[in-house]
Amino acid sequence: MESSKVIHAFYNDDEVVLDAVKTVKADGHHIEEVFCPFPVHGLDKAMGLAPTRLAITAFFYGITGLSFAIWMTNYMMIQDWPQDIGGKPSFSWFDNMPAFVPIMFELTVFFAAHLMVITFYMRSRIWPFKEAENPDPRTTDDHFLMEIPVHNNVDELKALLSKTGAVEINVVDKH
Amino acid sequence: MYQFSGKLKTFSIALIIIGALGIGLSFMNVPSSLDEAKEIIANQASHDGGYATSHEEVKKDIHQMDVKEEAFSHSDEAHHEVTKENHEVADTHGDNHDDAHAEHVYHQLKNKPWSALYVSLFFFLGITLLVLAFYASQRVAQSAWSVVLFRVMEAITANLVPTSIVMLGVIIAAVLHINHMFPWMAEGVFDPTSPNYDAIIDGKSWWMNLPGWAIRSVLYLAIWNTYRWFIRKNSIKEDTANDGYKTFKLNYNVSVGFIFLFMISESMMSWDWIMGLDPHWFSTLFGWYVLASLLVSALTVIAFVTIYLRSKGALPAVNDSHIHDLAKFMFGFSVFWTYLWFAQFMLIWYADIPEETTYFALRFNEYKLPFLAMLGMNFVFPILLLLNSDFKSIPWFVVIGGVVILAGHYVDVFVMIMPATVGAQWSFGIPEFSALLFFLGVFIYTVFSAFAKANPIPKGNPFLEESKHFHYYNIEHRGEGSADHH
């Protein structure tokens with residue numbers, strides 16, 4: 001099937017691949033994926049990827065942690081068993097609030113950090129024993145790979161990519 | 001070159017004149033005798049319950065031990081009980097209590113215009129000093145992003161000269177016993193035969209004595225002003241030096257030395273000038289706390305002056321990423337201030353040792369609104385406003401956040417100074433407001449005339465090129481295309 005074919009263009013420099021992405025985008029082609037051994041600054045902008053919303057989720061996870069801490073300290077120390085411990089005022093939650101602040105802070109950070117990391121894993125589909133998806137082992141070492149789906153335009157794409165400084169261009173079947 | 005506009009100059013001079021008139025007026029309105037003070041107290045008593053608390057406060061002074069019990073028992077029941085007990089004990093003192101009270105209030109009223117002046121003076125002096133320290137730190141860290149802001153920071157430090165002169169005047173006035181803000185400077189405190197003898201303060205007399213205090217105060221001002229004078233002169237020299245960066249390296253070395261001296265002098269300054277107002281009280285992290293408060297205000301002021309000058313087209317090399325980084329510093333140091341404030345408060349609240357707790361008991365009872373409002377203004381508001389990365393690069397967001405931060409830290413300084421000098425007699429009226437206007441006028445005049453005197457771009461700095469192209473990856477600069485950064 002024609003539509004399951006993709007072009008793999010290899011590059012060996014991050015500046016070259018960044019310019020190549022811009023050229024390919026400018027020519028109106030869709031870029032399926034770019035594989036890099038390390039983060040290339042500006043690549044997401046060049047590809048036109050939407051900004052991440054991970055920070056927004058972290059903010060709400062933090063609020064969740066803060067709420068949990070307030071609920072927990074209030075329930076345990078004020079509602080359930082308001083003992084006099086060393087003269088600390090347990091008449092209401094606000095009276096004893098300064099003593100709860102370290103817990104509130106830590107739980108806010110704990111929730112924000114851990115839930116954000118888990119969100120990242122889930123959105124990026126990373127987990128133990130997951131089968132690696134890199135199409136060529138060289139992309140984890142010193143090569144960059146741009147993957148473009150083919151729609152009856154192999155020759156045109158090949159000509160374009162070779163102009164952008166690709167060191168190797170392969171047409172492969174994608175399963 | 002930037003031109004100090006006539007309009008702004010007139011505005012700043014108007015502020016100075018209005019402020020000076022208000023300060024003069026507030027000094028004239030001070031009760032000149034004990035009888036006048038009694039009249040004022042009588043008027044206050046007829047007004048209402050708000051001022052009635054001042055009466056209670058005096059009793060607390062007399063019954064230091066009771067304060068501890070009352071300190072943070074917020075629950076109404078406990079509060080009332082202790083207050084009632086206070087009244088009973090106080091009443092047994094009989095007639096001479098009223099006279100003692102009147103004299104106490106008389107002293108507080110006499111302190112009012114001095115304290116109002118002192119709060120604004122310390123606020124502006126401290127901010128200017130911290131701009132200088134931040135500037136030195138940027139040189140020492142060889143940071144590249146801030147190089148295009150160097151002339152802004154240098155211009156702001158020009159305000160150090162007039163504020164230091166006024167501070168010198170206040171120091172001289174204190175030494176000559178013209179003002180009575182520092183209780184330990186009163187007559188007979190160190191004299192065992194005097195009724196004013198205070199054994200606790202006497203035990204600290206190796207540090208807290210008038211000659212030592214005056215010499216140290218002058219020394220702090222001398223250190224700061226010397227560095228400012230030197231670095232300003234040599235920074236301008238850098239522009240045309242062309243000496244293989246010899247001037248640049250000299251400035252680096254001098255800045256390293258200044259940072260060292262600054263950290264020591266700032267700490268001691270906060271003991272001498274602020275903590276000395278409450279000579280019975282002590283806190284080990286106080287110097288850091290004052291530093292944090294002034295540092296976040298200093299960064300806000302840098303951001304304000306930068307945003308203003310950029311809007312006038314005087315800073316072509318400053319882009320949105322520079323504003324973003326300033327706002328990030330404002331955000332970060334707001335949190336840092338809160339951390340130190342809370343660390344100081346919570347340790348004292350938790351252990352509740354009487355000699356430490358009175359400090360916060362007085363503030364919580366008599367200054368509840370500013371004391372609590374300050375936390376909202378210095379922590380909650382900037383956190384929520386400046387958390388978002390996009391907001392940090394939008395000038396008017398930074399200005400809104402900055403106004404609240406500056407107001408909040410003015411309140412912070414207010415709550416550091418006023419309870420010790422005027423106690424329950426505090427208000428925010430003509431004396432406080434005029435002092436604020438006066439120093440604001442001085443600030444605008446000195447800063448913008450200093451900025452007009454030098455090239456706004458420090459051409460001789462080796463990091464200048466990097467600073468011009470500074471770009472924070474997350475920020476989409478307004479008015480720039482994708483080709484402008486890569």
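This is a predicted model: local features need pLDDT of at least 70, side-chain atom pairs count only at pLDDT 80 or more; totals for chains, interfaces and linings use all residues.
Student: Which conventions apply to the numbering and to the values?
Tutor: Residues are numbered from 1 along each chain as its sequence is written, while chains are lettered from A and ligands numbered from 1 in the order in which they are written. Local features need pLDDT of at least 70, side-chain atom pairs count only at pLDDT 80 or more, and totals for chains, interfaces and linings use all residues, with side-chain values using heavy atoms and leaving out hydrogens and water.

Student: How many helices and strands does chain B have, and what percentage of its residues is buried?
Tutor: Helices (H or I, at least four residues) and strands (E, at least two) are DSSP runs, numbered from the N terminus, and on that basis chain B has 18 helices and 0 strands. Buried means under 20% relative accessible area, exposed over 50% and partly exposed in between, with a 1.4 Å probe and protein chains only. For the 486 residues of chain B, the buried share is 55%.

Student: Which residues touch the most other members of the largest nonpolar core?
Tutor: A nonpolar core is a set of buried Ala, Val, Leu, Ile, Met, Phe, Trp, Tyr and Cys residues joined through side-chain atoms within 4.5 Å. The largest one holds 135 residues, and those touching the most other members are Trp213(B), Trp224(B) and Trp273(B). Helix H6 (residues 96–140) of chain B gives the most to this core, namely 19 residues.

Student: Which tryptophans are in contact with Trp273(B), leaving aside neighbours within four places in sequence?
Tutor: Contact means heavy atoms within 4.5 Å. With those neighbours left aside, the partners of Trp273(B) include Tyr118(B), Phe122(B), Met167(B) and Phe182(B). Also among them are Trp213(B) and Trp224(B).

Student: Is Phe150(B) buried or exposed?
Tutor: Phe150(B) is found in helix H7 of chain B, and, leaving aside neighbours within four places in sequence, Phe150(B) is in contact with Tyr135(B), Gln138(B), Arg139(B), Pro458(B) and Asn461(B). Because its relative accessible area is 2%, Phe150(B) is buried.

Student: What is the relative accessible area of Ile223(B)?
Tutor: Ile223(B) is found in helix H10 (residues 210–241) of chain B, where, not counting residues up to four places away in sequence, Ile223(B) touches Phe258(B) and Leu261(B). Ile223(B) is classed as partly exposed, because its relative accessible area is 22%.

Student: What is the handedness of the crossing of H7(B) and H12(B)?
Tutor: Axes are lines fitted to C-alpha atoms, for helices over the stretch in contact, and angles run from 0 to 180 degrees between N-to-C directions. The axes of H7 (residues 150–157) and H12 (residues 286–311) of chain B come within 10 Å and cross at roughly 115 degrees. A crossing is left-handed if the near helix is turned anticlockwise from the far one by less than a right angle, and right-handed if clockwise. The crossing of H7(B) and H12(B) is right-handed.
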